[in-house]
Amino acid sequence: MLTNFTLWLTGIGTFLATSVLPAAILFAVGVLLIRIVINIVTKFLDKSKLEKAAHKLIKTVIRVVLYGLLALMVADKLGIDVTGVVALASVLTLAISLSVQNALTNVISGFTLLYTKPFSSGDFVEIAGQSGSVQEIGLTYTKLATPDNKSVSIPNSAVTSAEIVNYTVLGKRRVSVEIAVSYDAPTELVLEALKEAGSVPTILEDTPPFAALSSYGDSAITYVLHVWSTADDYWTTLFAVNEKVRAVFKEKGISMTYPHLNVHLDKN
């Protein structure tokens with residue numbers, strides 16, 4: 001009985017020395033090498049012109065692939081039939097892919113966004129009815145920060161299938177203001193007042209304010225004022241122009257109007 005126990009201990013020792021110990025060393029070295037590779041990739045991405053929001057997605061995919069290969073190598077060192085594991089993993093991958101088809105679609109859409117680059121981190125965009133600044137292009141979601149400080153996560157598949165409006169990419173935005181003015185106000189005076197109101201500090205100097213008569217309504221004439229600003233100054237410019245329009249109109253005695261109905265009674 002003692003001999004059997006000794007043989008069992010010897011077998012355990014041999015297994016530890018020839019399988020477990022090499023596997024442990026391989027695992028430790030593999031983890032170290034993966035960290036080195038991730039650090040190299042990080043430095044490369046930092047120096048590249050690739051979208052910052054894409055860095056996390058790329059590093060996540062590389063990390064998953066490398067750790068998967070390391071797991072197979074460690075399993076082989078432990079004497080596990082890797083061929084069977086790979087076959088089983090293929091079946092499981094197929095089953096999982098069918099059950100998480102939407103998630104995989106989002107991942108593929110994420111890579112599509114990285115390749116086509118319809119927007120960059122920090123751009124102000126409108127996607128699927130949501131407007132905000134791009135915070136992150138994640139593995140499955142694109143995150144926006146709205147002007148009222150909400151974080152909106154949109155599935156990448158919805159992003160790629162929706163109309164994307166990028167207000168930042170061209171560097172400037174047009175600020176448009178429509179004003180309803182009384183028919184009694186002279187057109188030239190209104191246009192002059194609008195151009196004066198459009199001269200706020202944040203407009204682009206190379207594009208002067210543009211004002212025009214837009215349409216005739218039942219109780220007022222509609223005028224439009226266009227000025228241009230940088231994308232970052234859009235809201236500041238819009239609010240400043242709105243405030244100045246009211247002040248200039250008051251100074252020049254121009255009456256803004258609202259929907260109303262004049263009733264004339266004739267006496268017989």
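A salt bridge is a side-chain nitrogen of Lys or Arg within 4 Å of a carboxyl oxygen of Asp or Glu. The legends below describe close-up views of a predicted model.

**View 1. E192, E196 and K252 are linked in a network of salt bridges.** Side chains of opposite charge can pair when their charged atoms come close. In this view, K252 meets E192 in a salt bridge with an N to O distance of 3.9 Å. Because K252 belongs to helix α7 and E192 to helix α6, this pair ties together parts that are 60 residues apart in sequence. K252 also forms a salt bridge with E196, at 3.6 Å from N to O. This second pair again links distant parts of the chain, since K252 is in helix α7 and E196 in helix α6, 56 residues apart.

**View 2. Strand β3 pairs with β2 and with β4.** Strand β2, residues 130–137, pairs with β3 in the antiparallel sense over 4 bridges, and a hairpin of 3 residues joins β2 to β3. Within this pairing, I137 has T142 of β3 as its bridge partner. On the other pairing, β3 and strand β4, residues 151–155, run antiparallel and are joined by 5 bridges, with Y141 having P155 in β4 as its bridge partner. Strand β3 itself, residues 141–145, has a covered face made up of T142 and L144, while Y141, K143 and A145 lie on the uncovered one.

**View 3. The hairpin of β3 and β4 has 5 residues between its strands.** In the turn, N149 has a positive phi of about 65°. A salt bridge joins D148 and K150, whose closest N and O atoms are 3.7 Å apart. D148 is partly exposed, with a relative accessible area of 49%.

**View 4. An open sheet is formed by 3 strands in the order β6-β8-β7, with antiparallel pairing.** Because β6, residues 172–181, and β7 stand at the edges and each has a single partner strand, one side of each is left without a neighbour in the sheet. Neighbouring strands of this sheet are turned by 25° against each other on average, with direction ignored. The antiparallel pairing of β7 with strand β8, residues 221–230, involves 6 bridges, and F210 stands opposite H226 in β8. Helix α7, residues 234–252, lies across β6 and β8 and runs at about 25° to β6.

**View 5. T207 is found in the loop between α6 and β7.** With a relative accessible area of 18%, T207 counts as buried, because the cut-off for this word is under 20%. The side chain of T207 makes a polar contact of 3.4 Å with the side chain of D206. When its neighbours within four places in sequence are left aside, T207 is in contact with K172 and W228.

**View 6. S161 has its place in helix α5, residues 156–161.** S161 is exposed, with a relative accessible area of 63%. Its side chain reaches the backbone oxygen of S157 at 3.0 Å. The C-alpha atoms of S161 and I127 are separated by 9.7 Å, although these residues are 34 residues apart along the chain.

Methods. Residues are numbered from 1 along each chain as its sequence is written. This is a predicted model: local features need pLDDT of at least 70, side-chain atom pairs count only at pLDDT 80 or more; totals for chains, interfaces and linings use all residues. Side-chain values use heavy atoms; hydrogens and water are left out. Buried means under 20% relative accessible area, exposed over 50%, partly exposed in between (1.4 Å probe, protein chains only). Helices (H or I, at least four residues) and strands (E, at least two) are DSSP runs, numbered from the N terminus. Two strands pair if DSSP finds at least two bridges between them. A polar contact is a pair of N or O atoms within 3.5 Å; within protein, one must be able to donate a hydrogen and the other to accept it, and residues adjacent in sequence count only if both atoms are side-chain atoms. Contact means heavy atoms within 4.5 Å. Axes are lines fitted to C-alpha atoms, for helices over the stretch in contact, and angles run from 0 to 180 degrees between N-to-C directions.
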